[in-house]
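Biologist: I would like to learn how to read pockets and ligand contacts in a model. Could you take me through them one at a time?

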Amino acid sequence: MGHSKADWSGDLPPYKTKMTEPIHAAGLGVADRLERLQRASYNVFNLASNDVAVDLLTDSGTGAMSQEQWSAMFRGDESYAGASSFARMENAFQDLTGMRFVLPAHQGRAAERSLFEGLRHVGVLDSGSIIASNAFFDTTLGWASRFARCENLYCDAFDQGHGVPAAFKGDLGSDRLQRLVAENPGRVKLVLLTVTNNSAGGQPVSLQNILEVSAFCRKNGVLVFLDACRFAENAYFIKTCESGQSERPIRDIVHDMFSHVDGATFSAKKDARTNIGGALLFSSSQERLYRACRPSIIRHEGLYTYGGMAGRDMEAIAQGLQETTEFPYLEHRVGQVAYLHDRLARLDVPVLRPPGGHAVYVDARAYLPAIPEHEYRSDTLSLLLYALGGVRSVAIGNLMYAEKDEAGRILTPAKNDFVRLALPRNVYSVEHLSYVARVFQQINRVKPLLAQGVCVSGDFRNDHFDHFDCSMKPVDPDAFERAVLSL
Ligand code: F0G
């Protein structure tokens with residue numbers, strides 16, 4: 001049965017608020033925030049959340065749970081072994097995805113580590129191996145690159161430019177995969193398809209691409225896993241944008257997405273709509289790999305019936321997996337992203353088109369062209385957003401992905417230099433998003449005064465995790481302050 005569209009569909013949020021959380025930072029002014037930034041070594045990860053007005057740092061674990069999730073938590077079975085809450089979560093995953101085996105983990109990156117350890121244990125990964133992805137996320141790259149060479153294989157539509165809209169810019173470039181396999185016979189061992197593609201603008205992956213990639217991989221003995229954090233948002237785009245899919249229920253599409261792969265890594269902090277949790281899923285043909293990953297889960301996470309989670313967390317996930325595939329929820333969620341995207345586009349802020357599933361991506365290269373490439377434009381923009389309006393965002397660009405030297409100087413720039421505005425699920429209203437748009441209006445006025453960006457100051461490890469805690473500073477602190485205080 002297809003979804004029938006009500007008159008108000010899309011305009012009326014499918015929830016109302018039962019409990020509120022204060023925004024303490026509403027009373028701070030620009031000078032207060034400049035002082036907070038200095039104390040935080042100009043790294044927004046170091047800010048206290050009480051000093052943030054609208055927190056768009058991440059959509060991970062920051063959502064509001066439903067009353068049914070909170071209710072289910074009271075049923076949490078906290079037994080060390082064989083908890084009924086695990087059985088309920090396991091059933092929910094099996095029902096939704098058709099995957100046979102489920103291992104719990106406290107969050108996505110823990111599931112990833114255990115997958116790679118298991119793959120090494122069964123001899124699939126060794127020092128000469130390659131793992132390919134439509135794009136690895138930062139922490140995923142951090143783990144995967146310890147086990148194998150990693151290759152990002154974007155699709156042509158993504159490479160055509162951020163302003164060019166195409167429905168499935170998150171696809172993996174399948175011709176690039178064929179070339180990689182041909183040039184490295186027997187070495188490509190795993191393809192990790194990230195749905196939606198977080199490092200590539202939260203863009204979705206088409207069902208056709210999943211089919212194509214998995215058919216090629218089957219033929220060539222390559223395993224395919226989904227990095228399935230945002231599977232429901234991805235399924236929404238398949239339903240609404242891919243030809244021949246519009247009449248299918250979301251759950252049917254989700255089942256289809258998983259039916260072509262060997263397994264999945266999963267962070268429940270996104271589309272399961274919980275504040276913590278994760279899982280590793282395996283198809284029925286991957287029992288050996290599932291058993292090989294178990295010891296790693298036991299070593300790092302806990303027994304294979306809780307994996308670092310409380311029973312109540314697993315209850316919340318089981319319930320969240322039901323609710324996250326409801327069409328009105330997804331329509332509202334993706335609609336919020338599109339709303340903010342359109343507001344910014346109307347202010348001539350160069351946003352990645354079309355809007356993705358969980359966030360708006362601003363192209364900092366196009367937005368702040370006067371600042372030199374090596375002065376971390378996206379981090380500069382992220383600091384401006386906080387200084388001018390208390391909006392916290394995250395830079396997904398040079399600090400995260402560029403090749404750098406030991407002092408944090410850029411050697412080879414990253415493919416993209418984005419600021420991501422990620423929307424927590426069911427947390428902010430249109431008024432909050434309007435406020436964010438007004439902060440961009442102020443940035444439009446301030447940016448002609450800024451010719452310099454920021455640089456790394458102090459210790460720098462030069463690993464995949466510097467952006468979480470390294471110190472930065474404006475190249476010209478006085479000019480930065482003058483520009484920000486000029487309004
Ligand atoms: N894969 C993707 C695509 C992700 O976006 C994330 C997390 C992970 C794996 C790891 O999951 O956080 O539960 O360990 N992304 C968050 C973000 C942190 O802000 O996009 P985790």
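Modeller: Happy to! Let us begin with residue classes: Ala, Val, Leu, Ile, Met, Phe, Trp, Tyr, Cys and Pro count as nonpolar, Asp, Glu, Lys and Arg as charged, and the others, Gly among them, as polar. By that scheme, the lining of the largest pocket holds 18 nonpolar, 17 polar and nine charged residues. This is a predicted model, where local features need pLDDT of at least 70, side-chain atom pairs count only at pLDDT 80 or more, and totals for chains, interfaces and linings use all residues. Residues are numbered from 1 along each chain as its sequence is written, and side-chain values use heavy atoms, with hydrogens and water left out.

Biologist: What is the volume of the largest pocket, and which residues lie nearest its centre?

Modeller: A pocket is an open set of points on a 1 Å grid over the protein atoms alone, where a 1.4 Å probe fits, with protein on both sides within 12 Å along at least five of seven lines; lining residues have an atom within 4 Å of a point. Points are joined across faces, edges and corners, and the volume is the space filled by probe spheres set on them. Here the largest pocket has about 1600 Å³ of space. Its lining counts 44 residues, with Thr 17, Met 19, Ala 64, Asn 426 and Val 427 nearest the centre.

Biologist: Where does the largest pocket lie relative to the domains?

Modeller: Domain bounds come from an automatic or database domain assignment. Domain 1 (8-52 + 326-484) and domain 2 (67-323) both contribute to the lining of the largest pocket, so this pocket lies between them.

Biologist: What is the volume of the second largest pocket?

Modeller: It is about 440 Å³. Among its 26 lining residues, Thr 58, Ser 60, Arg 109, Phe 137 and Lys 270 are the closest to its centre. Domain 1 and domain 2 each give at least three residues to this lining.

Biologist: Which residues are closest to the ligand?

Modeller: A residue is near a molecule if one of its heavy atoms lies within 4 Å of it. The ligand has 18 residues around it, and Thr 58, Arg 109, Asp 227, Ser 267 and Lys 270 are the closest.

Biologist: How should I read its polar contacts?

Modeller: Look for pairs of N or O atoms within 3.5 Å. A polar side-chain atom of Ser 267 is 2.6 Å from a ligand oxygen, and a side-chain N or O atom of Arg 420 is 2.7 Å from a ligand oxygen. Gly 108 uses a polar backbone atom, 2.8 Å from an oxygen of the ligand.

Conventions: Polar contact = N/O pair within 3.5 Å; in protein donor to acceptor, adjacent residues only side chain to side chain.
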